[in-house]
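This report covers one protein model, starting with a record annotation and ending with the overall fold. Please keep the sequence and the structure in view while reading.

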Amino acid sequence: KPNTAELQEKINVLKEKKNAVILAHYYQEPEIQQIADFVGDSLELAKKAAQTEADIIVFAGVHFMAETAKILNPSRKVLLPDLQAGCSLADSCPPDTFGELKAEYPDHVVVTYINCSAEIKALSDIVCTSSNAEKVINSIPKDKEIIFAPDRNLGKYLVEKTGREMLLWDGACIVHEAFSLDKLIVLHKENPQAEIIAHPESEEHILKTAKYVGSTSGMLKYVKESPKNSFIVATEAGILYEMQKDVPQKELIPAPAKEDNSCACSECAFMKMNTLEKLYKCLKDETPEILLEEDLMEKAHKPIKRMMELSY
Ligand code: 13P
Ligand code: SF4
């Protein structure tokens, strides 16, 4: 069985040969982040996918991200190392029930968080990510009512931030709802020098404790630019790899999960389904591939395009 370095070398050789690009999310394993051509948050990865001229995009992330890449650049072959790499948040919003809600409120503007299926995007007016959500909400005319889906935590946060009442879909991310407020308070008492930073998919009581709330890229930027030297980080633990690389001298403590587990943090099992071996195999065999109906891609592209136009 080849070791990590051998596999990484084999992937690099194949990548050159096939004119492929590897896009990875910050929650991927370090050994995958190391061989990626680009590592980023959802918005940055979508932008890269839209711009790439590579023939093949290997998406080291979850299904909705690879789907978005395909929608933005349909002539490329988009591969996902493990097709089962889904997202609890995307799963919490099935298209049929969401379609029923939308039909009840035909005059509402539908804003959806990018963590949803292509079918949900096709039912949306505009998409957003955690790094541009406020801007997207503020772009909706004041006389319009809004449906926001699928994340109730990000939704509540945006209602507070923008002062816009919104009809919220009751979905959530299991990874960001796994943080324990009680344990976080104890940890903060033990580490009073540390500042809490959190991803907006976390629950309201966790966000209330945070000095900074933002996307994965936003958190990275904050930690780099802050004069503080210690942080408690409430998002998926994979981000700590890039963060520690950025600020080797600073102390980074993962926020504790309710359940005791081996990492004393919260990890996304979906993101971690992609392994270096699966990535190598998928690039070699050019499967599993993301394939979508033309009609669905066209419908889902419109609200993503609207978001992109606001995001440059
Ligand atoms: P970001 O867009 O902040 O990277 O978030 C993606 C995600 O899935 C968070 O759970
Ligand atoms: Fe989905 Fe949560 Fe995993 Fe992000 S961390 S991909 S929202 S399940």
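## Terms and basis

Two residues are in contact if their C-beta atoms, placed from the backbone, lie within 7 Å. The model is predicted: local features need pLDDT of at least 70, side-chain atom pairs count only at pLDDT 80 or more, and totals for chains, interfaces and linings use all residues. Residues are numbered from 1 along each chain as its sequence is written, while chains are lettered from A and ligands numbered from 1 in the order in which they are written.

## Annotated cysteines

An unreviewed UniProt entry lists C87, C173 and C268 under "binding site". These residues are spread over 182 residues of sequence but cluster in space, the largest C-alpha distance being 9.3 Å. UniProt positions are given in the numbering used here, with feature names shortened, and annotations may be inferred rather than shown by experiment.

C87 sits in the loop between β4 (77-79) and α5 (88-91). Helices (H or I, at least four residues) and strands (E, at least two) are DSSP runs, numbered from the N terminus. C87 is buried, as 22 other C-beta atoms lie within 10 Å. A residue counts as buried with 20 or more other C-beta atoms within 10 Å of its own, exposed with 12 or fewer, and partly exposed in between; the C-beta atoms are placed from the backbone. Leaving aside neighbours within four places in sequence, C87 contacts V62, H63, F64, N115 and F270.

C173 lies in the loop between β8 (166-168) and α10 (181-190). C173 is also buried, with 26 other C-beta atoms within 10 Å. Not counting residues up to four places away in sequence, C173 touches S88, L89, D151 and E201.

## A parallel sheet

Four strands form an open sheet in the order β2-β1-β3-β4, with parallel pairing. β2 (38-40) and β4 stand at the edges with a single partner strand each, so one side of each has no neighbour in the sheet. From one strand to the next, the twist averages 20°. Two strands pair if DSSP finds at least two bridges between them.

Three bridges join β3 (residues 56-60) to β4, and I57 has V78 in β4 as its bridge partner. Helix α4 (residues 63-72) lies across β1 (20-25), β3 and β4, and runs at about 155° to β3. Axes are lines fitted to C-alpha atoms, for helices over the stretch in contact, and angles run from 0 to 180 degrees between N-to-C directions.

Among the 100 residues of the largest nonpolar core, L23, V58, F59, A69 and A234 touch the most other members. The largest share of this core, six residues, comes from α4. Such a core is a set of buried Ala, Val, Leu, Ile, Met, Phe, Trp, Tyr and Cys residues joined through C-beta atoms within 7 Å. Beyond four places in sequence, the contacts of L23 include A36, F38, I57, F59 and A69.

K15 is placed in helix α1 (residues 4-18). K15 is partly exposed, with 18 other C-beta atoms within 10 Å. Leaving aside neighbours within four places in sequence, K15 is in contact with A20, I22 and L283.

## Overall fold

The protein has 15 helices and twelve strands. Its radius of gyration, taken over C-alpha atoms, is 19 Å, close to the 20 Å that the globule rule gives for 312 residues, so the protein is as compact as a globular protein of that length. The globule rule is 2.2 Å times the number of residues to the power 0.38. Buried residues make up 46% of the 312 residues.
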